[in-house]
Each structure stands twice: as C-alpha cells, then as structure tokens.
Amino acid sequence: MKVKKLVITGGPSTGKTTLINALALKNYNCLEEVSRAIIQEAQQQGIAQLFLEAPLRFSERLLEERMLQYNIAINSTSKYVFLDRGIPDILAYMDYTKTAYPAAFCKAAASTPYDMVFLLEPWQAIHTTDGERYESFEQAQDIHKCILNTYKTYNYTPIIVPFGTVEERVTFITNTLAQ
C-alpha cells in the first residue's frame with residue numbers, strides 16, 4: 001500500500017494545528033509543525049526570533065526537520081499521513097521576506113512530492129499573535145499569497161478548506177479523501 005502524503009498548509013492563524021490535532025484524534029497519522037520547536041530552541045539560546053534575525057539559518061533547520069518528516073511519511077504503514085506544512089512552505093516564507101536561498105531548497109521542494117495539499121485561508125476571526133507568531137493579519141494575507149504561488153509553482157492545485165467549525169473542516173477533508 002502506497003501512503004498518501006497530505007499537506008495541511010496556510011499562513012499564520014488559519015487553524016492548521018487545531019485541524020491536525022482533530023485529525024489525530026480521529027486516528028489519522030499526523031506530523032506536527034516543527035517551526036515552533038526551532039523558534040523555542042533558538043529563544044533558549046538568546047535569539048528572540050530566529051526567522052527574523054537569521055532567516056536562512058532558520059530555513060535550513062526547518063528544511064532538515066521537514067525532510068525528516070517527509071521520510072517518516074514515505075516509510076509509514078498508514079494509508080494517509082497528514083503533515084502540518086510541507087517543504088514548499090519554506091520557500092514561500094523566504095519569498096515573503098525576499099530572502100535569497102540556494103538551489104538546494106528548490107531541489108528539495110521538487111523532489112518530495114505530496115499527494116494532496118489542503119490550504120487554509122487567512123481567517124481574521126481566529127487570528128492571534130504570540131511569542132512565536134508575530135505576524136499581523138495583513139502580513140498573514142501576504143504570506144497566504146506566497147504559499148499559494150509557491151505550491152502552484154511546484155505544480156500543485158491546493159484544495160481550499162472552507163471556513164467552519166473544526167469538525168466541518170475535518171469532514172470536508174475526509175470527504176475529499178473519499179472521492
């Protein structure tokens with residue numbers, strides 16, 4: 001059985017983590033976002049916001065972790081593995097900040113295909129900021145555009161997950177998988 005690698009993506013405060021957690025509660029194999037752990041690790045080393053202070057270094061760490069997650073997914077015995085963001089998200093964020101990156105990032109994005117990409121749009125009603133999420137709602141909208149454009153660049157057609165309760169969003173995704 002070939003595992004289907006499914007990305008849940010979107011800008012900040014779109015409900016990705018809540019959705020991933022809800023899918024996990026329904027016994028789907030889910031791999032959590034790794035950005036927060038990298039940010040918190042840097043904060044413990046005295047770097048307030050690694051992505052802002054050293055975007056390429058942050059992105060290199062992120063690429064390492066997302067490649068590890070991709071390998072976990074392809075070796076899974078599950079029918080589906082949901083990933084909280086994919087490798088193209090790294091490029092999208094660097095495009096957003098206008099940070100140059102080496103060709104290895106593009107190669108990684110091109111050589112790690114996902115089966116489906118579910119995109120959550122900016123949602124002002126749930127937008128918040130915290131110690132790791134600092135972007136305004138307007139910035140979240142710009143990030144969304146970069147994410148959408150990056151996935152399209154790598155020949156994905158993201159499936160827009162409609163606004164709704166967590167359960168409605170889970171149902172939308174599971175119904176889409178059943179088609």
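# Helices, cores and loops in a predicted chain

Trainee: Let me start with T18: what is its relative accessible area?

Mentor: T18 has a relative accessible area of 43%, so it is partly exposed, where buried means under 20%, exposed over 50% and partly exposed in between, with a 1.4 Å probe and protein chains only. This is a predicted model, in which local features need pLDDT of at least 70 and side-chain atom pairs count only at pLDDT 80 or more, while totals for chains, interfaces and linings use all residues. Residues are numbered from 1 along each chain as its sequence is written, and side-chain values use heavy atoms, with hydrogens and water left out.

Trainee: Where does T18 sit?

Mentor: T18 belongs to helix α1, residues 16-25; helices (H or I, at least four residues) and strands (E, at least two) are DSSP runs, numbered from the N terminus.

Trainee: Stepping back, how many helices and strands does the chain have?

Mentor: There are eight helices and five strands, and from the N terminus on they run β-α-β-α-α-α-β-α-α-β-α-β-α. A compact globule of 179 residues would have a radius of gyration near 16 Å, and the chain has 16 Å, which agrees; that radius is taken over C-alpha atoms, and the globule rule is 2.2 Å times the number of residues to the power 0.38. The C-alpha trace spans about 45 × 35 × 30 Å along its principal axes, and 49% of the 179 residues count as buried.

Trainee: Which residues have the most contacts inside the largest nonpolar core?

Mentor: They are I90, Y114 and I147, in a core of 31 residues; a nonpolar core is a set of buried Ala, Val, Leu, Ile, Met, Phe, Trp, Tyr and Cys residues joined through side-chain atoms within 4.5 Å. Two or more residues each come from α2 (35-44), α4, β3 (80-84), α5 (87-96), α6 (103-110), β4 (116-120) and α7 (137-153), and α5 gives the most, with six residues. Apart from this core lies another, of 15 residues, among them A22, L23, L120 and L177.

Trainee: Staying with I147, what is it in contact with?

Mentor: Leaving aside neighbours within four places in sequence, I147 is in contact with T9, G10, G11, R85, D89, A92, Y93 and L119. T150 is also placed in helix α7 and is buried, with a relative accessible area of 4%; not counting residues up to four places away in sequence, T150 touches P88, L91, A92 and D95.

Trainee: What about α4, then, and how far apart are its end C-alpha atoms?

Mentor: They are 28 Å apart, which agrees with the 28 Å that its 20 residues (55-74) should span at 1.5 Å a residue, the expected span being 1.5 Å times one less than the number of residues. The buried residues of α4 are P55, F58, S59, L62, L63, R66, Q69, Y70 and A73; seen down the axis they fall within an arc of 135 degrees, so they line one face of the helix.

Trainee: Now T176: which residues does it contact beyond its sequence neighbours?

Mentor: Once neighbours within four places are left aside, T176 is in contact with M116, F118 and I159. T176 lies in helix α8, residues 166-178, and counts as buried at 11% relative accessibility. A polar atom of the T176 side chain is 2.7 Å from the backbone oxygen of F172.

Trainee: Last one, on the loops: is S13 buried or exposed?

Mentor: S13, in the loop between β1 and α1, counts as buried at 5% relative accessibility, and its phi is positive, near 60 degrees, in a residue other than glycine. K98, in the loop between α5 and α6, likewise has a positive phi of about 60 degrees although it is not a glycine, but K98 is exposed, with a relative accessible area of 75%. Most residues other than glycine have a negative phi.

Terms used. The arc is that of the directions from the helix axis to the C-beta atoms. A polar contact is a pair of N or O atoms within 3.5 Å; within protein, one must be able to donate a hydrogen and the other to accept it, and residues adjacent in sequence count only if both atoms are side-chain atoms. Contact means heavy atoms within 4.5 Å.
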